[in-house]
There are 2 protein chains.
Amino acid sequence: MREVAIVAAGMTRFGELWQTSLRDLFVDAATEALNAAGVDRLDAIFVGSMASGQFVGQEHIGPLCADHLGMAGVAAMRVESACASGGMALRAGFAEVASGLSDLVLVAGVEKMNDGADATAVLATAADQETEAYQGVTFPGLYAMIARAHMETYGTTEEELAAVAVKSHRHGALNPKAQFGRVVDLQSVMTSTLVADPLRLLHCSPVTDGAAAVLLCPLRDAKRFTDRPVKLIGSGVATGAMALADRADPAFLDAVQLSAERAYRMAAIGPGDVHVAEVHDCFSIAEICCIEALGLVERGHGRHAAPSGETALGGRVPVNTSGGLKAKGHPVGATGVAQVIEVFEQLRGEAGDRQVADARFGLTQNMGGSGASSVVHILERV
Amino acid sequence: MREVAIVAAGMTRFGELWQTSLRDLFVDAATEALNAAGVDRLDAIFVGSMASGQFVGQEHIGPLCADHLGMAGVAAMRVESACASGGMALRAGFAEVASGLSDLVLVAGVEKMNDGADATAVLATAADQETEAYQGVTFPGLYAMIARAHMETYGTTEEELAAVAVKSHRHGALNPKAQFGRVVDLQSVMTSTLVADPLRLLHCSPVTDGAAAVLLCPLRDAKRFTDRPVKLIGSGVATGAMALADRADPAFLDAVQLSAERAYRMAAIGPGDVHVAEVHDCFSIAEICCIEALGLVERGHGRHAAPSGETALGGRVPVNTSGGLKAKGHPVGATGVAQVIEVFEQLRGEAGDRQVADARFGLTQNMGGSGASSVVHILERV
């Protein structure tokens, strides 16, 4: 298996991008990455998108993206796993290069959510249609149930949930590509509109348009494209029970844990070695559950991480320095790739005001639905 | 790059399967494959589906399939490229095994088209939404334009189109899993209802439910699972201009040609070495164009292949012995995998009444939209 490097990245601003279509979002992100590497050709494109068909009436975005980029002919396909589509696209692109099938692969993610569709209804199709969505539940509802279970099991409080959002916004205010550039305080979060008890508006990631792209090649070729390649040393994918009601413990994300174990094993490191992490905070409770499942904090102790500063910039293990899904935004299929870009920049010392000093190992964790799919990647500074 | 084998296969009947849901279609096909191999575990599942979200309100079918199979935990993702989803899932599964990332991978395809959605409208989302679908064109319309261009360029006649359908049905009548078990004659095809001039009802593949699955492993492990493994010796993927109006020649499928060149190069064989082929006859004209682009016949001479018997069972290069998409059925995401199963069985001598004598090299070609994406695989008897 060949060693694989990430050598360039590009992403659009994340936000309500009313002027920009799905195909243009992709081209903007892809072009930024290709220009950074100084390349004008590719062997393959893997693009993650959860629901381009439902959102903008466009399936088959693989060839659409290749063509609109001016590269009709290049191999392309779309990969999907709900909100984990971007991370799964990276896994597929990684295998394509590691196998020797391709030498220059663009992995991208794109979602155009603001174009008239009912975002909540579309997102609900990531749940079990027959036992969950058809019955009327939506994602805020599912995560509200996860939050309630976590609160009852471990004593997690609404303030502790709010502290995650406050941290996300503090980080996001330092990220020029983030959807939200403003800081919020605990009081604002705690008094924001109730969406699905106990989750309030400011506990919930927004509806966002955006695209992100990274360029992969064999490690041995990396120096052609950049002085500071980043090595992909671990990749782990796992699934869990589709429906929340079928999970052994609704307050624990077992698929996240399993995907992390597989990635740590491949990377030959453990959670204690991780210097910076981007995790899937689709809702504040999700960050708490994810850091527990990733082993970054002890199970049941995730509630203390944000209030104590452990997971803030300057803390023991900074989590979501990008602002996370909450403040950076969550264009569903693009998120997994954007997470990789944040860690890529951190490991290259290019994260500006968000820089974690001397970051050598970084981790990304991207999740689908209420935790039915999860993909973890581990990157190392070369 | 490790050598990869296909060691087992399973598929549902293709047809209007009103009693069977998407998740059950998958499990039926997957179980048949797993039982044939005698395995009850997997490393990963790659499932192709064009539009599960639009058809049955269910994205995120990777974990759904793993879970419903009783294998929650197993890595899973969905791959999409419109009607080429199944073939692309095979490419992704092939890379996963070839790279060394996994040792036992199920590649499946599934589509549940009969569940209330407007199939024609959903399928149209494989075209360019903005310049094609939004303007009102549908797939019969796009392929009618391709047919008209081919007729004007090469003199292809309606009878020659009809001969393809007659051949498909003759083969399909020998396939117990085919949607249509009846033979049709030239006259019936020529007088069937006009759908989009010059394409008539019996020139068009049907709307179908179904699932198909194959099991992949490293060649060195294959004998654990079967006495007659089949080797995956070539894989080629290509895209073309998304919109038909942007193709250099609307009567020629350039993405098909490019995907074939890439596969032939990897396999180190040429079109003249192919003993049996499954090609993407979504409409009769598509078979004619595909066999030209694959180099199985000379460009412009595709019109003669069915009437002359060249591509019939017993002919020089039997094409679509399964009955093709026309007679076997076309559950969009499943088709690419079902094509592989036909060739797999042919190379193992298990094709019964459809057996091509002494088939050593087989080819599958799976296409998306009006030819914007194409994936070719070449298999060799071990």
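This is a predicted model: local features need pLDDT of at least 70, side-chain atom pairs count only at pLDDT 80 or more; totals for chains, interfaces and linings use all residues.
Next, display polar contacts between the chains. Across the interface of chain B and chain A, 32 residue pairs are in polar contact, counting pairs with both residues at pLDDT 80 or more.

Now hide chain A and colour chain B by secondary structure. Which elements of chain B each supply at least two residues of the side that touches chain A? Select the helices α2 (52-56), α3 (61-68), α4 (85-98) and α9 (254-267), then the strands β3 (75-80) and β8 (230-239). Stay on α4(B), which gives seven residues, the largest share of the side of chain B that touches chain A. Colouring that side by residue class shows 31 nonpolar, 17 polar and ten charged residues.

Bring chain A back and select residues 75-80 in it, strand β3. This strand is joined to β3(B) by three bridges, and the two run antiparallel. Within the pairing, pick A:E80; the residue opposite is B:R78, in β3(B).

Finally, select the whole interface. On the chain B side, 58 residues are in contact with 59 residues of chain A. The area buried between the two chains is about 4,300 Å². Carbon and sulfur atoms give 54% of that buried area.

Note on methods: Residues are numbered from 1 along each chain as its sequence is written. Chains are lettered from A and ligands numbered from 1 in the order in which they are written. Side-chain values use heavy atoms; hydrogens and water are left out. Contact means heavy atoms within 4.5 Å. Buried area is the accessible area (1.4 Å probe) that two parts lose on being put together, summed over both. A polar contact is a pair of N or O atoms within 3.5 Å; within protein, one must be able to donate a hydrogen and the other to accept it, and residues adjacent in sequence count only if both atoms are side-chain atoms. Helices (H or I, at least four residues) and strands (E, at least two) are DSSP runs, numbered from the N terminus. Ala, Val, Leu, Ile, Met, Phe, Trp, Tyr, Cys and Pro count as nonpolar, Asp, Glu, Lys and Arg as charged, and the others, Gly among them, as polar. Two strands pair if DSSP finds at least two bridges between them.
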